[in-house]
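Please keep the sequence and the model in view while reading.

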Amino acid sequence: MQTSLAIPEEAAAIAAMRVAAADRLTKEFGDGHWSAHTNEAAVLRDLKTSRVLASRDRGRIVGTLTLQTKKPWAIDVSFFTPCEKPLYLINMAVAPDRQRSGIGRALLDEAMIVARSVPADSIRLDAYDLPAGAGDFYRKCGYRNVGGKLFRGVPLLYFELMTGAE
């Protein structure tokens, strides 16, 4: 398996994998914010404005995440360690048939390499504070839960990992 920055030719495959992951969560936990579908055009926009990482296994996209400098709407920065150059992790997904196989951790490891190269002070993210959320996964990967908030009716947990970049 190889994890690196995605290229535009992979946008359709990344979108399809994100949709498959959303559908799996919907099947397991019912309809929710995690049920939203994306498309190739949205991934192409992310590729132009952010750093999209992709994990590949024999040419197949099996995982992805996006690192962006723009704060997502659901993030309340008052919960996070003050810093000048945070990156926000969004759109993390692993192919349903490959979950719990180390792909998510490999993506987060590569995200840290990218963050340090930018350089960014921290990686920030939110996760659903519901059974469909990945809070326990982020804790196991070293991210610190810095709080949580009900945002537009959705309970969220906030996580950060300081990069040590200077």
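This is a predicted model: local features need pLDDT of at least 70, side-chain atom pairs count only at pLDDT 80 or more; totals for chains, interfaces and linings use all residues.

Residues are numbered from 1 along each chain as its sequence is written, and side-chain values use heavy atoms, with hydrogens and water left out.

A disulfide is taken as a pair of cysteine sulfur atoms within 2.5 Å, and by this rule the count is 0. C141 is buried at a relative accessible area of 15%, whereas C83 is partly exposed at 25%; buried denotes under 20% relative accessible area, exposed over 50%, and partly exposed in between (1.4 Å probe, protein chains only).

Strands (E, at least two residues) and helices (H or I, at least four) are DSSP runs numbered from the N terminus, and two strands pair if DSSP finds at least two bridges between them. In this model, 7 strands form an open sheet of mixed pairing, in the order β1-β2-β3-β4-β5-β7-β6. Because β1 (2-5) and β6 (144-151) stand at the edges with a single partner strand each, one side of each is left without a neighbour in the sheet. From one strand to the next, the twist averages 25°, with axes fitted as lines to C-alpha atoms and angles running from 0 to 180 degrees between N-to-C directions.

Within the sheet, β4 (residues 86-94) and β5 (residues 122-128) pair in the parallel sense over 3 bridges. The bridge partner of L87 in β5 is I123.
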